[in-house]
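Trainee: I am new to this structure and would like a close look at a single part of it. Please take me through that part step by step.

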Amino acid sequence: MAPFDYFSKKSGGATENGDTISISSRTDDRFNKNQSYELSQIATENSYSVSNSGIYSDPYADDVPLTNNHASQSYVYNPWNPQSNQQTTSNMPPPGMMPPPAINMSPKNQQMKKRNIPWFTIAVSIIQIIVFVSELIVMSKYTGSIVATKPTFNPMVGPSTYVLIHMGARFTPCMQDISGVTDVHTSNFPCPNSTTIATNVCSLSELCGMGGVSDHPNQWWRFIIPMFLHAGFIHIIANMILQISLGGSIERDIGTLKFGFVYILSGINGFLLGGNYTPDGIASTGASGALFGIIALSLLDLLLNWQLYEHPKRTLVSHLIEIAISFALGLLPGLDNFAHIGGFLMGILLGLCLLRSPLKIRERTGQPIAADNYVKSKTLKDRFRDFRTMFSGRHPAWYLWVIVRLVMLALAACLVFVLIRNFNNGGGHCSWCKYLSCLPIRNWCDDGYITTSSL
């Protein structure tokens with residue numbers, strides 16, 4: 001019998017790919033720039049003073065009325081404060097110069113919060129919390145404790161790696177054939193309740209659970225389920241803060257369907273990339289791949305709508321520092337940086353496909369500058385009619401961006417297809433790719449490889 005030494009990592013367990021995210025709230029300062037950008041001309045045209053008007057500026061003009069009740073009054077129309085424009089005997093404008101109706105100038109973020117609720121962010125957060133509570137219950141059932149302390153302590157303060165594998169963490173031996181590992185039926189694996197090496201007496205099917213594995217493991221759903229698993233209290237708290245703050249804001253901007261689509265595919269792509277290039281002995285959990293896809297959307301929104309931000313340069317520097325720190329932390333032992341990279345890459349591709357056209361193109365094509373000005377079809381008939389006329393009489397820049405969208409969508413589909421094919425063929429074969437997820441010091445890049453020893 002040849003027991004396996006799976007986790008030689010100093011962290012002693014599963015890869016927590018979500019705890020590397022720099023926690024910061026999304027800077028949503030677009031509405032100030034957005035208001036001034038769209039309404040500066042309106043404010044200019046509607047702001048006037050009797051003393052500066054051509055009607056009463058010359059006291060010796062021929063058309064001076066005999067009784068001028070407005071000569072001493074200066075009326076300035078203020079579109080930013082409609083209540084100040086109420087007509088009274090003291091501030092009535094001159095005859096023939098009535099101001100236009102008051103314009104609702106509520107900031108964009110306030111309107112979006114009233115109109116849109118981030119249902120997907122709320123739902124997925126509730127599911128992840130429920131699943132984490134289930135992890136603690138299972139851990140307590142198997143070991144009598146909700147926090148793994150033996151054989152190694154879980155630095156994320158949560159269940160053991162073996163419990164996470166049993167509940168659906170991405171673990172390559174449960175997903176595909178590995179020569180010398182899954183085809184050796186006399187091998188002993190750790191058990192979900194293992195606390196010492198002496199208790200590693202389970203079969204691979206018992207460790208993997210979820211219906212077990214046959215002679216050819218194929219638990220493909222482990223590319224999806226790990227998004228809802230977390231390695232500990234620190235892990236889930238960090239992810240929840242970023243997910244609710246940044247995710248909720250992005251979902252309000254782009255809509256629930258688009259946000260959910262990017263979230264799920266970014267998470268899957270992160271686990272696909274990690275399954276191809278991380279060592280087979282690493283188990284990975286967390287929503288970091290999905291959250292890095294959302295971070296990519298936030299960065300794209302800034303770059304595509306640069307002029308709508310009040311402080312775009314400062315926001316860009318903040319984004320770049322956050323991303324750099326997150327990827328740098330992913331080089332530490334026990335972390336799956338490939339999940340971060342895969343999620344971020346998918347977020348870029350899908351963002352270019354699904355986000356609104358760049359501001360410069362919207363200006364040229366006559367599209368609304370702000371999302372609040374888009375009129376949504378309310379019936380299927382309206383949607384069908386809009387679709388039939390969508391491609392007629394458009395500006396050339398509009399057609400160019402449609403081509404960009406289609407290319408990005410095709411690249412995203414090709415990326416997922418290639419990663420799935422490579423994984424089914426034994427994973428990616430790249431000698432230097434491991435350095436994207438580790439630092440070549442203290443044998444960190446050799447951690448996570450499955451080894452055998454003789455009794």
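Trainee: In which crossing, left-handed or right-handed, does H10 pass H13?

Mentor: The model is a predicted one, and in it H10 passes H13 in a left-handed crossing. To see how that pair is arranged, begin with H10 itself. Helix H10 covers residues 337–354, which is 18 residues. From its first C-alpha to its last it reaches 25 Å, close to the 26 Å expected at 1.5 Å a residue.

Helix H13 takes in residues 396–424. H10 and H13 pack at an angle of about 150 degrees, and their axes are 7 Å apart. Angles over 145 degrees count as roughly antiparallel, and H10 and H13 are therefore roughly antiparallel to each other.

The residues that meet can be listed by side. From H10 they are Leu345, Met346, Leu349, Leu350, Leu352, Cys353 and Leu354. From H13 they are Trp401, Arg405, Met408, Leu409, Leu411, Ala412, Leu415 and Val416.

Helix H3 runs over residues 119–143 and has 25 residues. H3 reaches 36 Å from its first C-alpha to its last, close to the expected 36 Å. Its buried residues include Thr121, Val124, Ser125 and Gln128. Among the elements that cover the buried residues of H3 are H4, H6 and helix H7 (256–277). After H3 comes Gly144, whose phi is positive, near 85 degrees.

Gln243 is placed in helix H6, residues 233–254. Gln243 is buried, with a relative accessible area of 1%. The side chain of Gln243 makes a polar contact with the side chain of Ser125, at 2.8 Å. Leaving aside neighbours within four places in sequence, Gln243 is in contact with Thr121, Val124, Ser125 and Gln128, among others. Those others include Tyr263, Ala287 and Leu291.

Technical notes
Residues numbered from 1 in each chain as written. Predicted model: local features only at pLDDT ≥ 70, side-chain atom pairs only at ≥ 80, totals over all residues. Heavy atoms only, no water. Helix = DSSP H or I, 4+ residues; strand = E, 2+ residues; numbered from the N terminus. Expected span 1.5 Å × (residues − 1). Axes fitted to C-alpha atoms, helices over the stretch in contact; angles between N-to-C directions. Parallel < 35°, antiparallel > 145°, perpendicular 65-115°, else oblique. Left-handed = near helix turned anticlockwise from the far one by under 90°. Contact = heavy atoms within 4.5 Å. Buried < 20%, exposed > 50% of the residue type's maximum accessible area, 1.4 Å probe, protein only. Polar contact = N/O pair within 3.5 Å; in protein donor to acceptor, adjacent residues only side chain to side chain.
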